[in-house]
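Thanks for coming, everyone. Please look at the sequence and the structure on the screen while I talk.

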Amino acid sequence: QADNIQDGTTPFTVAFETVSADSFYNDFAVAPLSFNNLDIDVSDFTVLASGTYTSESGAAVNVTVGLTSMPSSTVTICGTTSDATEGAFPADDDACVAFSANDWNTLKTLVVTGVDDEYADGPIDYNATIYVAASADANYAALPAKNILLTNVDNDVAAVTLSASGLETSELGDAQTISVVLDSKPFGVVNVSFASSDWTEGTVA
C-alpha cells in the first residue's frame, strides 16, 4: 500500500481467524504471516526554472518548487543567489515557501529578478540556489541545495554623447558650448580630448 512517506521497509503481519459451524474448524488456530512492505518513496525536492535569463530591465525567472514525498514536519525551502548585484530573490519571506503534510504535493513558486546597475558590463552569469532552510524531518533537512545557472542581460551601453549649444561660431568671437555625457558608469576615469580640424577657423578650449 503506497503511503507517499519515506518510511523505509516496514514489517507487518496478517492474522487469521476461522468461523465455522464445524466445531473442528471453528476458531481454529492459524499462525499469522509476516511480510515486509518495501518503501518506494524518496524525500527530495524538485526545481524547474521558467527560463535562464533575467535582465537589468527587470525581467524575472520563476522557479517552481515541489516535494516528492509527504514530510513528517513542515519543510521550508528558500532561494538565494551567488551575486545579489545581478539577480536576487525578495528580501522578505517571499524568498521562501513552506510545505506541510497537507499541501506537500502542491507546487509553489519562487521568483528571482534581474538587478540593474549603471555599468556596461555585458551579460553576467550567476547561480540561483534553492535550499531547505528548516525542517524537523531529518530526510528533508539533510538534502543538499540545488543550483540553477542564470544570466543577467545588460541594458547599459558604453558610449559618449556629445551635444552643442549651437553649430555656428563667428570671426567676431561667438562661441558654442559642447557638453559631454557618458551613457553608462565607467569602471575607471574616462578622458575626452577635443581637436579642431582647422585651428585657423575655430579652436577648442
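**A walk through the model**

Let's start at Asn191, which lies in the segment after β13. A word on the names: helices (H or I, at least four residues) and strands (E, at least two) are DSSP runs, numbered from the N terminus. Asn191 counts as exposed, at 73% relative accessibility. The cut-offs are these: buried is under 20% relative accessible area, exposed is over 50%, and partly exposed is in between (1.4 Å probe, protein chains only). Now compare Asn191 with Ser73. They are 118 residues apart in sequence and 62 Å apart in space, C-alpha to C-alpha.

Some ground rules. This is a predicted model, where local features need pLDDT of at least 70, side-chain atom pairs count only at pLDDT 80 or more, and totals for chains, interfaces and linings use all residues. Residues are numbered from 1 along each chain as its sequence is written, and side-chain values use heavy atoms, with hydrogens and water left out.

Next, the surface. Val192 also lies in the segment after β13. Val192 is partly exposed, with a relative accessible area of 39%. Val192 belongs to a nonpolar patch on the surface, along with Val160, Leu162, Ile178, Val180, Leu182, Val190, Phe194, Trp199 and Val204. Together these residues have about 820 Å² of accessible area. Two elements give two or more residues to the patch: β12 (160-164) and β13 (178-182). Which element gives the largest share? It is β13, with three residues. How is a patch made? Its residues have over 30% relative accessible area and no salt bridge; like charges are joined within 9 Å, and nonpolar side chains (Val, Leu, Ile, Met, Phe, Trp, Tyr) within 5 Å. The areas come from the Shrake-Rupley method with a 1.4 Å probe, and for residues only the protein chains shown count as cover.

Between those two strands there is a loop. Gln176 is found in the loop between β12 and β13. Gln176 counts as partly exposed, at 32% relative accessibility. Gln176 and Gly166 are ten residues apart in sequence, and their C-alpha atoms are 5.7 Å apart in space.

Now a sheet. Four strands form an open sheet in the order β3-β5-β9-β7, with antiparallel pairing. Which strands stand at the edges? They are β3 (45-49) and β7 (87-88). Each has a single partner strand, so one side of each is left without a neighbour in the sheet. Two strands count as paired if DSSP finds at least two bridges between them. Strands of a sheet pair through backbone hydrogen bonds, either parallel or antiparallel.

Let's go pair by pair. β3 and β5 pair in the antiparallel sense over five bridges. Phe45 has Leu67, in β5, as its bridge partner. Strands β5 (residues 60-67) and β9 (residues 108-114) pair antiparallel over six bridges. There, Val63 stands opposite Leu110 in β9. The bridge partner of Thr64 in β9 is Thr109.

On to charges. How many salt bridges does the structure hold? It holds two. A salt bridge here is a side-chain nitrogen of Lys or Arg within 4 Å of a carboxyl oxygen of Asp or Glu.

In one of them, the side chains of Lys146 and Asp44 meet at 3.5 Å, N to O. This pair links distant parts of the chain: Lys146 is in strand β11 (residues 146-153), Asp44 is in the loop between β2 (33-37) and β3, and they are 102 residues apart. Lys146 is partly exposed at 24% relative accessibility. Asp44 is partly exposed too, at 26%. The charged end of Lys146 also sits over the ring of Phe45, 4.9 Å from its centre. That label needs NZ of Lys or CZ of Arg within 6 Å of the ring centre and within 35 degrees of the ring normal.

Asp103 and Lys108 also meet in a salt bridge, at 2.7 Å, N to O. Lys108 is buried, with a relative accessible area of 18%. The charged end of Lys108 sits over the ring of Phe99, 5.0 Å from its centre.

Last, rings. Rings of Phe, Tyr and Trp (its six-membered ring) pair if their centres lie within 6.5 Å; planes under 30 degrees apart count as stacked, over 60 as edge-to-face and the rest as tilted. The count comes to one aromatic pair. The rings of Tyr119 and Phe187 have centres 4.5 Å apart and planes at 15°, so the pair is stacked. Tyr119 lies in the loop between β9 and β10 (124-135) and Phe187 in the segment after β13, so the pair ties together parts that are 68 residues apart in sequence. Tyr119 is partly exposed, at 25% relative accessible area, whereas Phe187 is exposed, at 65%.
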